[in-house]
Amino acid sequence: MSSTPIGLSSRTDVRKHPVSIAIIGFGGLIGRRHTAHVLSNASAALVAVVDGAPAASELAAELAPGVPYYHSVTEMLSACAADNSTPEAAIVCTPNAYHVPVALELAEAGVHLLVEKPLADTKATARKLVDRARELGVKLLVGHHRRFNPYVVAARKVLEASKAEPRETGESGIGTVTAVSGLWAAYKPDDYFAAGAWRRSRKMGGGSVMINFVHEVDVLQYLLGPIVRVSAEKTLRRYDVEETDSDVVEDGAAMTLRFASGAVGSFVLGDGVVSPHFFEAGTGENPMIPQARRPRRHLDESDESDIQRKGQTVRGEPVDVYRIFGTHGTLSIPDMTLWTCGDKPRSWVNDITVRRIEIDDDPSVPFERQLDHFIAVVRGDTPIEEGPGCTGEEGLRVIAVCEAVIEALDDAHGGRVGVDTA
Ligand SMILES: NC(=O)c1ccc[n+]([C@@H]2O[C@H](COP(=O)([O-])OP(=O)(O)OC[C@H]3O[C@@H](n4cnc5c(N)ncnc54)[C@H](O)[C@@H]3O)[C@@H](O)[C@H]2O)c1
């Protein structure tokens, strides 16, 4: 692995003035990560931290010493207006249902936005924000950071190369994609839900579809194009709940997906199952979640699939979470295995050739790369439509798919629902 950054059309230029950034909801799970990244980025200046939680002021002094703390966005904007110090940009890390009200208030003050995923809790509120940001000339990106993950970057390169005319034999990509199978299956502990009641409230934008599947939808659409139809069935419940309560969220689902290209997909989602088959464990991108490895037969032997993380050798084979099937091969992610017929004609009776696709960046960097991209977009160095960043319109399309999944889940007969982006 080299340290060369990838996935950006331009890196930030540290000779320019640092972009002033505020973090809204800095005290939460993801707000703390963004705070640390902004503090360590030479092209950014953390100028305010905002959070309404009772102990947030003490936390601000600990996590961002010397940075002005505000209880609310309103308080921050009026203090900044008084001395002409309104931040150029903000990262919104509040619970899903507060993304749009908070982001609209910032947009009205001309603050450029990186809004955590999902862009909004509903398609209707997302549309309001996307349209208003456009009218105001405010740049709006959505925190679908996996686009910056080196495994996703490498997969996209394979799929782009696969669009070239496939050769009948010899090295080629996977040809035309016909299907994908995906997994996001993990166990979230009880204290995760106890720490944020919104995570189990549909009205607050909680649930495994709006919190986790949103990531999957963005990656799948980024790699394979728009999803146009879904069907879905709920998994067993982990907690006793009143099924008729409209605020109850799903724990997971089995889904089918249809892409505009004609490709189809199946996906199993669950946040109450013990499994290594989820993106964070597969890639090791989240410092809080250990990377899962499938054991080799002889664990004491070193092997090229061993990896170095934080100065330690991580042994074993990587696990997979997506398999993308094509007319000429299959790509498995994030173990990055490319299966083709190699030099032989395509046939199930011929040996399958296996190749490992190299990634060329550290798996733990997507948040840093996303921040670099946001800074470049705010400065005008990179047009918002260029590079891997998720635009407001793309973020809205993710919500449209997730709303269709929820509608299908609510159908007692496992409904088929078309994705409506209007
Ligand atoms: N990109 C990722 O991988 C990732 C991971 C986790 C969470 N998220 C997203 O980040 C967001 C936050 O999730 P979390 O798990 O960190 O939630 P959290 O509950 O841990 O933190 C939210 C924080 O926002 C604060 N807050 C609430 N309303 C506010 C308001 N109006 N103004 C200012 N502060 C406010 C809360 O006090 C809390 O500190 C969600 O949208 C979630 O989907 C993204």
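Helices (H or I, at least four residues) and strands (E, at least two) are DSSP runs, numbered from the N terminus. The model is predicted: local features need pLDDT of at least 70, side-chain atom pairs count only at pLDDT 80 or more, and totals for chains, interfaces and linings use all residues. Residues are numbered from 1 along each chain as its sequence is written, and side-chain values use heavy atoms, without hydrogens and water.

**View 1. The open sheet has seven strands, ordered β3-β2-β1-β4-β5-β6-β19.** Pairing is mixed; two strands pair if DSSP finds at least two bridges between them. β3 (69–70) and β19 (390–391) are the edge strands, each pairing on one side only. β2 (residues 44–50) runs parallel to β3 over two bridges. Tyrosine 70 in β3 stands opposite valine 50.

**View 2. Helix α5 (residues 123–136) packs with helix α11 (residues 392–410), their axes coming within 9 Å.** The axes cross at roughly 170°. Axes are lines fitted to C-alpha atoms, for helices over the stretch in contact, and angles run from 0 to 180 degrees between N-to-C directions. α5 is therefore roughly antiparallel to α11 (angle over 145 degrees).

**View 3. Helix α10 (residues 366–379) lies across β1 (19–24), β2, β4 (89–92), β5 (112–116) and β6 (140–143).** α10 runs at about 155° to β5.

View 4. Polar contacts are pairs of N or O atoms within 3.5 Å. A polar side-chain atom of asparagine 96 is 2.5 Å from a ligand oxygen. A polar backbone atom of leucine 29 lies 3.0 Å from a ligand oxygen.

Terms used:
Angles under 35 degrees count as roughly parallel, over 145 as roughly antiparallel, 65 to 115 as roughly perpendicular and the rest as oblique. Contact means heavy atoms within 4.5 Å. A polar contact is a pair of N or O atoms within 3.5 Å; within protein, one must be able to donate a hydrogen and the other to accept it, and residues adjacent in sequence count only if both atoms are side-chain atoms.
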